[in-house]
Structure formats: C-alpha cells, structure tokens
Amino acid sequence: MKVNSKEKSPLSHAASYIDRKQRTQAEVEDFLYSLDISEVEVMTLIERLKSAALIDDEKYAENYIGSRLATKPMSRASLKRQLLSHFIDETLVDRKLFELVTDEIELENAVKCAGKYMTRYVDYDSFERNNRTIKRLLSMGFDYDTARRCVSLVSSEENGI
C-alpha cells in the first residue's frame, strides 16, 4: 500500500478527492486503486462513502444533467454518451434521462441549437443553410426528424410565418 500511517488515511484521501467536486463511484474506486489499496479495503471504503451519501451515482447523474442543460443545450444522446464516459450504469443513465429530459426539453434544446447555427450560416442560400444546420444537429445527437422540424421552425420564425 502506498499510503503509510504518517500520511493521510485512505478514507481521508477519498474524502479530499470527493471534496473537490462530485464524483461517481467508479471515479472514486479508480482513485483508491491508484493508491495501491487492496480491493477489500477499496470496497469497504466505497460502502462507507455510499452510506454517508458522499458517493451517489443517481444524484451525480441528476446534477450533471441539470448543470449541462442549464449551460448548454444538448441532446439526450450527447448527455448519455457523456454520463457513460463517467462509468455510470447505463440503466440508471437511461432512467434519469427519461425522468429529466422530456420530449419538450429535447425539442427546445434542438431549436436553440438550430437558431444558433442558422445565424452562423446566414451567408449561405437557404437550402445550404438548412442542410448545414441539420448536419450540425445530427452531429450533436439529435435525430433527423427533430433536426428537420427545428430547422423548419426556425426558418418559419425568421420569415415571419
């Protein structure tokens, strides 16, 4: 074990690591393993941290989704990809996305993105502008029907229809 008795305990290390920002269980496990702590001790520490509500993947997912949507409109698919990169259980991710990202929110985010890109592509003719915006929305994880619908909505608003 890298951690010796003169230094901080593994629990103190974990608490310091979590204190800096909210972490997932997998992130904390990886951190503890990097300290050369035995698997049994890591699992014991993880259980202690979970019972003290210092690690909660469900709360992490909720906060992450809320934070990301508040700062940057994005698709469910992008949020899912990002959450899975933090090694959160896919079933939990799907459930939280279903609860927190309604179809209305998804459409609202896509419309915001479409408006942003339609403005950027103002120098193109309407066909090229629409196509570029649709491609951009697809690359952001929005489905084709949503992308087309949003481009149509934004175009209609701009034309006063």
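My entries on salt bridges, charge, core and backbone follow.

I am working with a predicted model, where local features need pLDDT of at least 70, side-chain atom pairs count only at pLDDT 80 or more, and totals for chains, interfaces and linings use all residues. Residues are numbered from 1 along each chain as its sequence is written, and side-chain values use heavy atoms, leaving out hydrogens and water.

**Salt bridges.** I searched the whole structure and got twelve salt bridges (a side-chain nitrogen of Lys or Arg within 4 Å of a carboxyl oxygen of Asp or Glu). For helices I used DSSP runs of H or I with at least four residues, numbered from the N terminus.

Next I checked Arg-95 and Glu-99, whose closest N and O atoms are 3.6 Å apart. They sit about one helical turn from each other because they are four residues apart in helix H6. Salt bridges with shared partners join Glu-58, Lys-59, Glu-62, Arg-95, Lys-96 and Glu-99 into one network.

**Positive patch.** Which residues gather in a patch of positive charge on the surface? I found Lys-72, Lys-116, Arg-120 and Arg-136 there. A patch takes residues with over 30% relative accessible area and no salt bridge, joining like charges within 9 Å and nonpolar side chains (Val, Leu, Ile, Met, Phe, Trp, Tyr) within 5 Å. Arg-136 belongs to helix H8 (residues 126-139).

**Nonpolar core.** I then turned to the largest nonpolar core, which has 15 residues. A core is a set of buried Ala, Val, Leu, Ile, Met, Phe, Trp, Tyr and Cys residues joined through side-chain atoms within 4.5 Å. Cys-113, Leu-137, Met-140, Phe-142 and Cys-150 touch the most other members. Helix H7 (103-120), H8 and helix H9 (144-158) each supply at least two residues, and H7 gives the largest share, six.

**Backbone.** Last, I looked at phi: most residues other than glycine have a negative one. Asp-36 has a positive phi of about 60° without being a glycine, in the loop between helix H2 (25-34) and helix H3 (39-51). Ala-53 also has a positive phi of about 60°, and I placed it in the loop between H3 and helix H4 (57-71). Buried or exposed? Ala-53 counts as exposed at 59% relative accessibility (buried is under 20%, exposed over 50%, partly exposed in between, with a 1.4 Å probe and protein chains only).

Technical notes
Areas by Shrake-Rupley, 256 points an atom, 1.4 Å probe, with all protein chains shown as cover. Lys, Arg positive; Asp, Glu negative; His and termini not counted. Charge placed at Lys NZ, Arg CZ, Asp CG, Glu CD.
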